[in-house]
Each structure stands twice: as structure tokens, then as C-alpha cells.
Amino acid sequence: MTTHTLSVLVENKPGVLAHVAGLFSRRAFNISSLAVGPTQDDQVSRMTIVVDGASTPVGQVTEQLNKLVRVLKVAEMHEDAAVERELALVKVRADPATRSQVLEVAAVFHAEIIDMSPATLVLEATSSPGKLDALLAMLEPYGVCELVRTGRVALARGAGSITDRSLAAVPASAS
Amino acid sequence: MQLTGAQALVRSLEHQGVDVVFGLPGGAILPAYDPLLSSSLRHILVRHEQGAGHAAEGYAWATGRVGVCIATSGPGATNLVTALADAYMDSVPMVAITGQVPSALIGTDAFQEADITGITLPVTKHNELVTDADRIPAAIAEAFHVASTGRPGPVLVDLPKDILQAPMSWGSWPPAMELPGYQVPGPPDPEQIRAAAALLHQARRPVLYVGGGVIKADAHAELRQLAELARAPVTTTLMARGAFPDSHPLALGMPGMHGCYTAVAALQEADLVVALGARFDDRVTGRLADFAPRAKVVHVDIDPAEIGKNRTPDVPIIGDVRTVIAGMTRELAELVSSGGPPDTGGWTAAVDQWKQQFPLRYTQDADGPLKPQHVIERLSALTGGDAIVVSGVGQHQMHAAQHFSFTKPRSWINSGGLGTMGFAVPAAMGAQVGRPGDLVVAIDGDGCFQMTAQELATCAIEKLPIKVLIMNNGFLGMVRQWQELFYDERYSYVELGTAIPDYVKLAEAYGCVGLRCERADDVDAVLDKALAVTDVPTVVDFRVHDREGVFPMVPAGRPNDEIVLGPEFSADEQRAATRREVMAP
Ligand SMILES: Cc1ncc(C[n+]2csc(CCOP(=O)(O)OP(=O)(O)O)c2C)c(N)n1
Ligand SMILES: [Mg+2]
């Protein structure tokens, strides 16, 4: 699945999330993940939205987002020019017989153990989305009891920031 | 200066230059109605809030200014939803003001509480629940700015009762607007304009595909210059009727599902389609993949999201269509002065031949049933096109768009995108309020009319002499036509009957003049009579043929090349139309 990661700066006002989510549902765009949080500017929140590129025309998404009055800026984060991370908490079955194997997997993926019970371990992993999927595939055979993922967040590499890049740079003909 | 939120609201509307609001009060909006009484604003008390919404739209269509409607919370606000959705689809500048339950009660399922900002999110350009009385002036200024700039649209401002009652400090007008995320496209790219002009200069089979944006941008004069310089035929969509005079030799009429054969065929055969403030709607393109297959496309729109949404253009131009057309004309004039005029003589000759061969055709027998097309053509002739024509949705709408000869912009008002039955009477009311000196004629269906006929009371009391011509075929005619063509003539719940209500008596009960016409011979006399009334509304019950269809027709989802001319044409003519021998340019 090819995905696109969009960073969306929005006014930190009530109802903005509903505006953005409403746009996606009305236009039948598919969201794979959505993460929202504050930024260095307390007037501004940042959403990182991952869309499925096969089912959703990313140019249209960008243009339609730009039309929302409370949306300040939309920029696509390209995989090779951005750092992307996602955090997962995984509760995995680990009895005395399998615990050491699970710990080994965790160590390989630099996942931390943050809770433990006689029958389970809770792992915390922060990673690029692909690695996280690999970790989960490794844990699957032991039995994943519960999983929570934050959704992807991303920042462009280098000295520049999203706020000093013009959005008009997204060419209309690319849509 | 200390004011209440309500006083600030009314004062803001006055400063905004609003002269009329359409509304109906109730509990939550009551505080605003008090200062309204002593303001400079004219308030028109509608009989249903949907009427207020469509009236605001009609006002905006007719004048180009922002229409304003006002309603109370809960059911008052939800009654506006259809009109908001209508305005959103047709890019009509409109501001809706709604009362809301007091802030402390929001979220508690309080009496007459409705989450109207939530409900209208997908059908407004923007909306806001105001939570601070001091913000009212800015919220109103922002609403008008957003509604009227860029691609216009409806904006809703929701005002809790306690905010209307709260004290606020009035500063200076205009207030500072806080719209950091709202951008109106800047000047168009001159390179792209030059590229478009070059294509127009080289094209052998160009068509200007003109949409509602041209009317909204007041670009009709520039359009005419461009068309004449480019020697390019012009088709005006349902949203753009009147943007180019139908009497002009380059006019093709309307494109699309019920478009003129010539307009549809010209787009299909074009080597260049220049879309001006149009959005490649499915009703125009037919099956998208087969639309204008041989054409390069120039797409001009103020809304960047429209460009490439349905058809990827060769030359995209984002910006005000009036500026762009003027720029294209300038560039083209230079090319013409050095390289001669565009060589479109063969093309316009072919187009003229199609017009001769495959015109809009219907038959009005002297003693046969009355045809709606005949009524509309007589109206067109008797008024010389000098009327604001408003329509409902259905067969009568298509007949009106096809057969009235439009000569001026803002003389055609209808519900294009949403297709809202019940639009005509209240929209005509709004148009008449905005243009009191002009003749406003609603061409309505019997089904549509019954959805909002109550606004006749408003019109009669306000002395708005609109004419309502009901094309009474006793059916939900357009649906009946689809059942005839696509459901084996199984007429499932589409018959309204012609006798109930008695439209003449109904008109009279509402304080209007009521007339009836059943024969072709009487049409002129009845129309003359109706047009002579100048103090109250007039309703005419035209008993028209119940089997009349709308043709030509491209069946929904089919390629435009499958256009059906209809029963007025022979099989030979249909074959010739389908084969469409194109001259080689
Ligand atoms: C509010 C609404 N409900 C249903 C429809 C579906 N519809 C489209 S045209 C039409 C028939 C309209 O009947 P009438 O007003 O008599 O016009 P006619 O087609 O007979 O001229 C209907 C029901 C609609 N467009 N709007
Ligand atoms: Mg009817």
C-alpha cells in the first residue's frame, strides 16, 4: 500500500478536528492514521494525516484541506526527505516458557519493556512505520492481547520548517 | 461603547451594507429581533425558514450581493439546511444567522437545541459558533468576507442566546478579521494565460465551455470579446445561462444531459475546450472518460480544488475568471495582429449546420394539448428576454433553460447542483426584493410549487409582484420521464393529478391573482394579463401536456455521443446525428 503523509497546521480552535474529519468522510477520502497535538505556537495545532494513495487522490485532499478556513498550511512529507515515527504499546502473551524469546525480539527492535505480569509483557516501541509492522509480525505468534498505536508523526529533515515553506508550491496539475 | 451582543450583531449587519434580511424569529434569536425593529434593515418575515434561505439565494443570484437569512435555534436552523446545501452546491454568497440555546445548555439536549454547526459542516463554506460577545463584529465581517470572496458560498454564524444578551464593547468598524488560514487566489499566472491564448489561436475546433463562475465574476462583457476575437462557439451551462446572449451567432445553447444537440456535439468534436468558471459536472460531461475525447483542455477556475478534480487540464489557470478572460483576449489580440485571426471558419460552418439540422424541436398543434415549451417561448417573445426567470427542478426547468432566449447575465436563477424542488417561489421572492424594478417570473412545476407555495403569502403582504407560471402536468414529470424510459413505463407514485389543489383558488386565498390557461391560443392573452399585474403576485395554472418529455437526452452515466434526439426526430435524423460527419479542418 502506498501511503502519503500530510502535515496539516490548523488553528487551535474548537471544532477544527471535526472540520478536517468531516472533509475526509464527505469526500470519501480514506484516512489510515491521524495524530493531533500542540506545536511550539499555542495558537496552532499540527495534524499528521496518513492517507492511502491508491484510493485517495492526494492532490485533491491537499486542495480541499486548503479550502478549510481553519487550516493554515498543508504539506506533504516525502519519505526520503522526512523523519517519520510512530509509537506502539503492545501487550503480548509471555509465559515463563516464551518470555525470553519475546525479550529477545524486543531487544532486536529496541523496544522497551514497561510492564510485566506472570502471563504478559507490555512493550513500548517507537519506530518508523515499517519497522513497527515488522516487530508486530514477530510478536504475532506469541499472541498479541492488546495493541495501541499513536499513528504516524513526521517532520521534514534539514534546517527548514513547514512554516517557512509556501504551500502554493503544490501544483494544481499534480492532482 | 457598550452594546449587547444583539445590538452589535444588528449594527455589524448595517455596517456591512446589508439592506434586507429574510427570517422568522423564535426563542433563541429573540434578543436579536429587538434591535432589528429599530434598525435600518428591512426584515422580510417568511412563512418557513427554507423560504428565507432560498430567498437569500435568489437575492444573491439577482444582485451579486450577499443574501442574508436569519432563524432561531433547533427547527428554525434545521429548516435552513436545504437552502444552505443548495447555496453550497451553486456557490451562492449567503450568510445565515442562527440563534442557539444559551452556552451553559449546549450539549445537554436543551429545548430547541440542534448542533447546527455540526449539521451544516459539509454544506457550508465555513461556519462558526460564537462563544464571546466581543467577537460578534469580527465574526460577521469574516462571514461576509468568506461568503463573497474567492469561490462564493454560504457561511453560517451560530449565536447562543446569552452571547446575544451579554454586554460587549463596540470598537471601530471594520473590525480586525482573524482568518489566517483563508486565502483568496492571487493574480493568475501570465505564462498560462499566454499558453491558453496560443492554443486558442491555433485551434481549429474550439469551444468556450462557460460555467456559473463567469456570471459570478461579472465577466460576460469580457467573454463576448474573447469569443468574437477567437471566433469560438460558446456553450453556457445551466448555471451560466445568460452569460452569453443566446441570439449571438456563436451561441450554442446549453450543454449536457438535456443540452442542445449542437452544444453536446461541439464539445465532443472540439480540439480545444476552454472551461471558464465551470467544473466538469457529471450532468455536463456524461461518462467522463468519453467527454470531449479529442480536446485539449484549458481550465480556468478561482477554486484550485476544481482544477484536475474531474478532468486533467493541459493548461490550468487559477484565478478570477474575468481577469483571466481579459488577459487571454489581450494575448490573443497580439497573436491575431501578427498571425491573422484563428482559422475556425470550417468549424463554425459545421456548427451552424448542426443548429439547422438538429434544433430543439417540439410540436404545438393548434387544438392539441398545450406544450410547456410553447408557453416558455411565448414568454420569451413577449418579454423580449427582458425578465428574471427563476425555475424549480424538473422538466419545466429544463424546458425553461432550453427555450427561453437569454440575453443578459443574472436573468436566470435556478437550483443547479442540488436540484432542490421548491426553490422557485422563494428564490423569485428574493430576486424581486433585490431588483424591485424588474420583471421576475418563476417557471415552476406543480410538484415543486407545492413544496414552498406558502411564500406567496409573504410576497402578497410585501407587495412583491412575482409571476408564478405553473407548468401543471399533474405529474412529478421528470421522474415520470425516467420511469417511462428506464423502468418500462411502470409509473410508480409520480401522479399528482391536476385538480388538487385548485391553483387559482389557492392563489386567491393567498391574496394573489390566479389565472388558468388550457389552450395554446390563449397563452398570449393570459401572459399579457399576468404581466400587467404590478401590485401582487400572479399565479398561472398552465394545464400542459402530461406526456411531454425533455429532449435531447443523454442517459445518465452514458457517453455524450449516445445523445438521443427524441420522438420529434426520425430514425434517419437520429442516425445522421449519431454519425455526425465532421468536416476535416
Ligand atoms: C426536494 C426534492 N425531492 C425530490 C426530487 C426528485 N425530483 C426531481 S424532478 C422531480 C419532479 C418535479 O415535479 P414537478 O415540480 O411537477 O416538475 P416537472 O418535472 O413535472 O416539470 C422530482 C420529484 C428533487 N429534485 N427535490
Ligand atoms: Mg409536474
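**View 1. D386(B) is partly exposed at 45% relative accessibility, and K408(B) is its salt-bridge partner.** Partly exposed lies between buried (under 20% relative accessible area) and exposed (over 50%), using a 1.4 Å probe and protein chains only. The model is predicted, with local features needing pLDDT of at least 70 and side-chain atom pairs pLDDT 80 or more, while totals for chains, interfaces and linings use all residues. Residues are numbered from 1 along each chain as its sequence is written, chains are lettered from A and ligands numbered from 1 in the order written, and side-chain values use heavy atoms, without hydrogens and water. The closest N and O atoms of K408(B) and D386(B) are 2.5 Å apart. The two residues are 22 positions apart in chain B: K408(B) sits in the loop between α17 (395–403) and β16 (412–413), D386(B) in the loop between α16 (372–383) and β15 (388–391). K408(B) is likewise partly exposed, with a relative accessible area of 34%.

**View 2. D303(B) and R151(B) form a salt bridge with an N to O distance of 2.9 Å.** Here 152 residues separate the partners: D303(B) lies in the loop between β13 (296–301) and β14 of chain B, and R151(B) in the loop between α7 (136–148) and β7 (154–160). Both D303(B) and R151(B) are buried. A salt bridge is counted when a side-chain nitrogen of Lys or Arg is within 4 Å of a carboxyl oxygen of Asp or Glu.

**View 3. In chain A, R149(A) meets D133(A) in a salt bridge, closest N and O atoms 3.1 Å apart.** The pair joins strand β8 (residues 144–149), which holds R149(A), to helix α4 (residues 129–139), which holds D133(A), over a separation of 16 residues. Helices (H or I, at least four residues) and strands (E, at least two) are DSSP runs numbered from the N terminus. R149(A) is partly exposed, at 31% relative accessible area; D133(A), at 43%, is also partly exposed. Over all chains the structure holds 42 salt bridges.

**View 4. The interface of chain B and chain A involves 22 residues from chain B and 20 residues from chain A (contact: heavy atoms within 4.5 Å).** About 1700 Å² is buried between the two chains, 54% of it on carbon and sulfur atoms; buried area is the accessible area (1.4 Å probe) lost on putting the two parts together, summed over both. Three salt bridges run between chain B and chain A. One of them links E128(B) to R70(A), with closest N and O atoms 3.8 Å apart. On the side of chain B that touches chain A, β6 (126–129) and β14 (315–318) each supply at least two residues. β6(B) gives the most, with three residues.

View 5. D446(B) is in helix α19 (residues 446–452) and F475(B) in the loop between β18 (467–472) and α21 (477–486) of chain B, 29 residues apart. D446(B) is buried at 1% relative accessibility, and F475(B) is buried at 7%.
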